[in-house]
Amino acid sequence: MYIRPQVKYAITAAVVLLTALVPLVFPGYQTSLATQILIYALLAMSVDIMAGFAGRTPLCHGAIFGVATYVVMYYVTTVGGSPWIGVLLGIAAAVAVSLIFALLAVRTTGVYFLLLTLALGMVVWGVCMRWTSVSGGENGLRGVARPEALADPATFFYFVLAVSLVMTLAMWRFVRSPFGLTLKGIRESESRMRSLGYDTTRHLLIGFMFSGFMAGIAGAMYAFFNSFVSPSTVALAQSVKGLLMAIVGGVGTLFGGIVGSALIVILENVVSSYTERWSMAMGLLFVLTMIFAPEGIVGSVRAMMGRRGKKQE
């Protein structure tokens with residue numbers, strides 16, 4: 001079923017408007033929850049750039065995300081520097097780590113890429129756990145990293161919303177650009193793209209660094225949001241959460257990361273208020289998604305609309 005661009009833009013504008021009303025209609029805890037959803041949506045979409053568009057499923061983006069959080073927290077709370085300079089340093093650190101990971105991993109495919117990125121993420125976790133003089137070890141780093149101008153929860157929400165909108169638009173343009181289409185071609189057949197003269201390694205390297213850049217932005221905002229970082233922030237569970245959000249929302253849809261983030265963050269907070277075994281609910285959600293909606297929520301809706309459109313024809 002074809003949907004006119006004007007209709008898509010109107011729906012997008014309506015969703016953004018409704019989101020902007022959250023602090024006014026649901027102040028307090030709900031605003032904080034919405035802020036967390038926006039931050040994790042960026043992480044999920046950064047994962048989807050590699051998993052959905054480049055055909056390389058990473059298990060290290062939680063570590064990249066956490067590196068940015070660590071750098072911001074260390075620079076602001078330990079060094080005593082400006083939060084905004086801390087953000088720039090955190091994003092730069094995330095991109096540097098992404099470059100190292102990419103140089104080691106992009107020449108591998110399938111399960112080898114998955115396992116190698118998992119191992120690289122575990123290396124970051126080990127460094128954060130043992131480098132106690134910088135990372136604080138198991139105790140982590142604690143302190144107010146958020147600038148005074150963003151101290152109000154509603155103001156901070158609108159700041160995160162604005163950043164998320166700009167970065168989402170940047171990712172959307174990236175995956176729809178000729179470069180993004182090249183990544184899709186590599187996903188479908190890397191050997192064919194090579195035979196056509198494309199430097200697939202270079203394209204994957206740039207794609208990985210761009211996705212790491214987006215994960216770094218999410219991590220820097222998380223430092224402002226949480227005012228605490230520990231080895232759990234860079235642990236495997238963080239990478240799995242980002243990947244799970246992308247899968248539940250719909251790998252290869254980009255915007256599915258937003259849906260997956262909202263669903264999982266809300267589920268995590270609601271279920272954890274009743275039981276400590278909330279991770280079982282997360283596992284059940286993943287299993288049900290794989291059985292009944294293997295293309296994810298957004299992907300399944302698109303497929304359903306496509307089938308209806310063919311029937312009408």
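This is a predicted model: local features need pLDDT of at least 70, side-chain atom pairs count only at pLDDT 80 or more; totals for chains, interfaces and linings use all residues.
The chain contains 15 helices and two strands. Its radius of gyration is 19 Å, close to the 20 Å that the globule rule gives for 313 residues, so the chain is as compact as a globular protein of that length. The C-alpha trace spans about 60 × 50 × 35 Å along the principal axes of the chain. Of the 313 residues, 48% count as buried.

P27 and S189 are 162 residues apart along the chain, and their C-alpha atoms are separated by 49 Å. P27 is placed in the loop between α2 and α3, the latter covering residues 29-53. With a relative accessible area of 52%, P27 is exposed; this value lies above the cut-off, since exposed means over 50%. For G80 and A145, which are 65 residues apart along the chain, the separation of the C-alpha atoms is 9.6 Å. G80 is found in the loop between α4 (61-79) and α5 (83-105). The relative accessible area of G80 is 56%, so this residue counts as exposed.

Side chains of opposite charge can pair when their charged atoms come close. A search of the whole structure finds five salt bridges. One of them joins R194 to E190, with 2.9 Å between the closest N and O atoms. Both residues belong to helix α10 (residues 190-195), and because they are four residues apart in this helix, about one helical turn separates them.

K241 and E268 form another salt bridge, in which the closest N and O atoms are 3.2 Å apart. This pair links distant parts of the chain, as K241 lies in helix α12 (residues 236-249) and E268 in helix α13 (residues 256-272), 27 residues apart. Both K241 and E268 are buried.

On the surface, a nonpolar patch is formed by L17, L18, L21, L24, V25, F26 and Y158, which together have about 710 Å² of accessible area. Helices α1 and α2 (22-25) are the elements that give two or more residues to this patch. One of its members, L18, is found in helix α1. L18 is exposed, because its relative accessible area is 59% and the cut-off for exposed is over 50%.

A positive surface patch consists of K8, R173, R176 and R302. K8 lies in helix α1, which covers residues 5-20. The relative accessible area of K8 is 47%, so K8 counts as partly exposed.

Most residues other than glycine have a negative phi, and most peptide bonds are trans. S227, although not a glycine, has a positive phi of about 55 degrees. S227 lies in the loop between α11 (200-226) and β2 (228-229). L254 is another residue other than glycine with a positive value, its phi being near 65 degrees. The loop between α12 and α13 contains L254, and these are the helices that hold K241 and E268. At 2% relative accessibility, L254 counts as buried, as the cut-off for buried is under 20%.

Terms used
Residues are numbered from 1 along each chain as its sequence is written. Side-chain values use heavy atoms; hydrogens and water are left out. Patches are made of residues with over 30% relative accessible area and no salt bridge: like charges are joined within 9 Å, nonpolar side chains (Val, Leu, Ile, Met, Phe, Trp, Tyr) within 5 Å. Accessible areas come from the Shrake-Rupley method with a 1.4 Å probe; for residues, only the protein chains shown count as cover. A salt bridge is a side-chain nitrogen of Lys or Arg within 4 Å of a carboxyl oxygen of Asp or Glu. Lys and Arg count as positive and Asp and Glu as negative; His and the chain ends are not counted. The place of a charge is taken as NZ of Lys, CZ of Arg, CG of Asp or CD of Glu. Buried means under 20% relative accessible area, exposed over 50%, partly exposed in between (1.4 Å probe, protein chains only). The radius of gyration is taken over C-alpha atoms; the globule rule is 2.2 Å times the number of residues to the power 0.38.
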